[in-house]
Amino acid sequence: MSKRFALLWCSEEERFDYREEMVNAFKTENSDWEVISAFTDLNKIIDNYDGFVISGSEYSVNADKEKFSGLFEFIRAVHKKEKPIVGICGGCQSLAVALGGEVGLNPSREFRFGTDELTFQNGLNKHVGTSEERVRLIESHGECVIRRPLGSTLLARSDSTAVEIFAVGPYAVGIQGHPEISKKTLEQDFLRVHLEDGNLQEDEVRRFHAELSGYQPPQAIRQLVKATLHKQINFQNLVGDV
């Protein structure tokens with residue numbers, strides 16, 4: 001029997017759209033997906049779906065907190081019902097803030113755009129069925145989680161971002177990076193928009209391409225998302241730390 005999932009889209013960016021790519025990254029044969037704006041009334045949809053993924057955003061959960069207020073309320077309601085919910089990039093930050101964590105500027109005070117090496121914590125690699133202890137993941141953010149929700153479990157870190165992946169409760173996961181994005185989308189769309197917006201300077205493009213050389217989306221992180229949505233991992237079985 002197919003499960004129903006919703007991608008909560010947190011962007012109003014008109015210069016490009018990768019919703020279909022995001023759904024395809026996490027879709028399985030036994031799943032049906034719909035895309036819903038995260039900035040609409042979400043209260044009535046909780047019981048219509050088996051789980052949710054929250055996308056990234058051009059908005060800030062701090063500077064644009066009022067815009068995210070409905071999403072924060074929705075996250076708390078989903079979490080209370082112990083339904084699976086996965087936050088990606090801005091979605092990760094929304095998850096953290098809604099459940100009592102804190103988001104702030106990157107420690108470097110600079111926009112992070114490129115790939116970082118993630119080191120798995122608390123045996124995450126074993127839970128997603130891989131022997132890898134480290135993977136490369138795309139980063140595209142000016143802010144990050146600086147304090148995790150109380151009782152959450154750290155699942156991955158990197159040199160640039162102390163909280164790359166965390167879990168709270170049985171089926172809620174935040175992922176700061178972008179496991180859903182292909183190298184092509186990053187080079188053609190993200191790079192162009194970040195240059196237009198001044199998040200990246202022309203003299204940094206060579207560094208960006210060097211970091212991206214040979215990059216492939218990490219299947220271990222995509223499997224983590226799928227396993228969470230299908231309740232194949234219960235994160236309360238891991239040891240939480242604060």
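This is a predicted model: local features need pLDDT of at least 70, side-chain atom pairs count only at pLDDT 80 or more; totals for chains, interfaces and linings use all residues.
**View 1**
Nine strands form an open sheet with mixed pairing. Their order across the sheet is β2-β1-β3-β4-β11-β10-β9-β6-β7. The strands at the edges are β2 (31-37) and β7 (134-141), and each of these pairs on one side only. On average, neighbouring strands of this sheet are turned by 25° against each other, with direction ignored.

**View 1. Strands β1 and β3 side by side.**
Strand β1 covers residues 3-9 and strand β3 covers residues 51-54. The two strands run parallel and are joined by four bridges. Leu 7 stands opposite Val 53 of β3.

Leu 8 belongs to strand β1. Is this residue, Leu 8, buried or exposed? Leu 8 has a relative accessibility of 0%, so it counts as buried, the cut-off for buried being under 20%. Which residues are in contact with Leu 8, once its neighbours within four places in sequence are left aside? They are Ile 36, Ala 38, Leu 42, Ile 45, Phe 52, Val 53, Ile 54, Ser 55, Leu 71 and Phe 74. Val 53, one of these contacts of Leu 8, is also the residue that Leu 7 stands opposite. Phe 235 lies 227 residues from Leu 8 in sequence, and the C-alpha atoms of the two are 22 Å apart in space.

Two packed helices are described by the angle between their axes and the distance between the axes. For helix α5 (residues 183-197) and helix α6 (residues 205-212), the axes come within 12 Å and cross at roughly 160°. Angles over 145 degrees count as roughly antiparallel, which means that α5 is roughly antiparallel to α6. The crossing of α5 and α6 is right-handed. On the α5 side, the residues that meet α6 are Lys 183, Leu 186, Glu 187, Leu 191 and Leu 195. On the α6 side, Val 205, Phe 208, His 209 and Leu 212 meet α5. Sorted by class, this contact of α5 with α6 has six nonpolar, one polar and two charged residues. Helix α5 also lies across β6 (112-120) and β7, and runs at about 120° to β6. Helix α6 packs on the sheet and touches β6 and β7, its direction making about 35° with that of β6.

Conventions
Residues are numbered from 1 along each chain as its sequence is written. Side-chain values use heavy atoms; hydrogens and water are left out. Axes are lines fitted to C-alpha atoms, for helices over the stretch in contact, and angles run from 0 to 180 degrees between N-to-C directions. Angles under 35 degrees count as roughly parallel, over 145 as roughly antiparallel, 65 to 115 as roughly perpendicular and the rest as oblique. A crossing is left-handed if the near helix is turned anticlockwise from the far one by less than a right angle, and right-handed if clockwise. Contact means heavy atoms within 4.5 Å. Ala, Val, Leu, Ile, Met, Phe, Trp, Tyr, Cys and Pro count as nonpolar, Asp, Glu, Lys and Arg as charged, and the others, Gly among them, as polar. Two strands pair if DSSP finds at least two bridges between them. Buried means under 20% relative accessible area, exposed over 50%, partly exposed in between (1.4 Å probe, protein chains only).
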